[in-house]
Amino acid sequence: MKLLEDRIRQDSEVLPGDVLKINSFLNHQVDPELMMAVGKEFARLFDQSGVTKVLTCEASGIAPGVMAAYELHVPMVFARKKKPSTLNDAVYWADVYSYTKKTTNQICVEQKFLHEDDNLLIIDDFLANGEAVKGMINIANQANANVAGIGIVVAKTFQGGSSWIKEHGYRLESLANIASLANGEVQFADENNEARRS
């Protein structure tokens, strides 16, 4: 998605440890027009997939998730990272390890929001090692729901998450695929392919 790639080139920051900071338009401050374009693209990609709900994880997945759900005319459910006091005990739980923060969080979804006849589109902001996606797949499996596909705003294809998703038979659509952050520079996967062809 060229609009997204251009924005990453313009406003992102590469930090040590292959961390890409995009908090000026997605992870902290949100650009609603860009997120609407992202939602429209996910809706276009999964339009024929029979999606009944979008499943994402708080907090950064909510903006692209709700825009995709809006365009698909389905509800969005987000996994919470802390169980609020108002939530009953009928919840699906999954452990999610954060390589960035070096901690394990539990995410949860109230059982009444996911059903065995649901066809879920999982949306997440970032894909690196794929731990958040694995957690959401775990929750979908507990609900006996089908996973129609996984939509990622930005994927770091040089880490293991993309490969894991494809190897396990899930459809993956990422809107910006980053092949390398070497020397503090963002290199997209399509640029790598073009360089090999020339």
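Predicted model: local features only at pLDDT ≥ 70, side-chain atom pairs only at ≥ 80, totals over all residues.

Mentor: Residues are numbered from 1 along each chain as its sequence is written, and side-chain values use heavy atoms, with hydrogens and water left out.

The cap is D31, which has a side-chain oxygen 3.0 Å from the backbone nitrogen of E33. Helix α2 itself covers residues 32–45, 14 residues in total, and reaches 20 Å from its first C-alpha to its last, close to the 20 Å expected at 1.5 Å a residue. Helices here are DSSP runs of H or I with at least four residues, strands are runs of E with at least two, and both are numbered from the N terminus; the expected span of a helix is 1.5 Å times one less than its number of residues.

Along α2, the buried residues are L34, M35, V38, G39, F42, A43 and L45, where buried means under 20% relative accessible area, calculated with a 1.4 Å probe on protein chains only. An α-helix has 3.6 residues a turn, so residues three or four places apart point the same way. What covers the buried residues of α2 includes the helices α1 (2–11) and α3 (62–72), together with β7 (119–127), β8 (146–156) and β9 (172–180).

F42 deserves a look of its own. Leaving aside its neighbours within four places in sequence, F42 is in contact (heavy atoms within 4.5 Å) with A68, I123, G151, I152, V153, E173 and L175. In the largest nonpolar core, which has 32 residues, F42 is among those that touch the most other members, along with L4, I8, L20 and V154. Such a core is a set of buried Ala, Val, Leu, Ile, Met, Phe, Trp, Tyr and Cys residues joined through side-chain atoms within 4.5 Å. The elements that give two or more residues to this core are α1, α2, α3, β7, β8 and β9, and α2 gives the most, with 6 residues. A second, separate core of 26 residues includes V77, A79, L120 and A140.

Elsewhere, S162 in helix α5 (residues 161–167) is also buried, with a relative accessible area of 5%. Not counting residues up to four places away in sequence, S162 touches L127, A128, A155, T157 and L172.

Methods:
Buried < 20%, exposed > 50% of the residue type's maximum accessible area, 1.4 Å probe, protein only. Polar contact = N/O pair within 3.5 Å; in protein donor to acceptor, adjacent residues only side chain to side chain.
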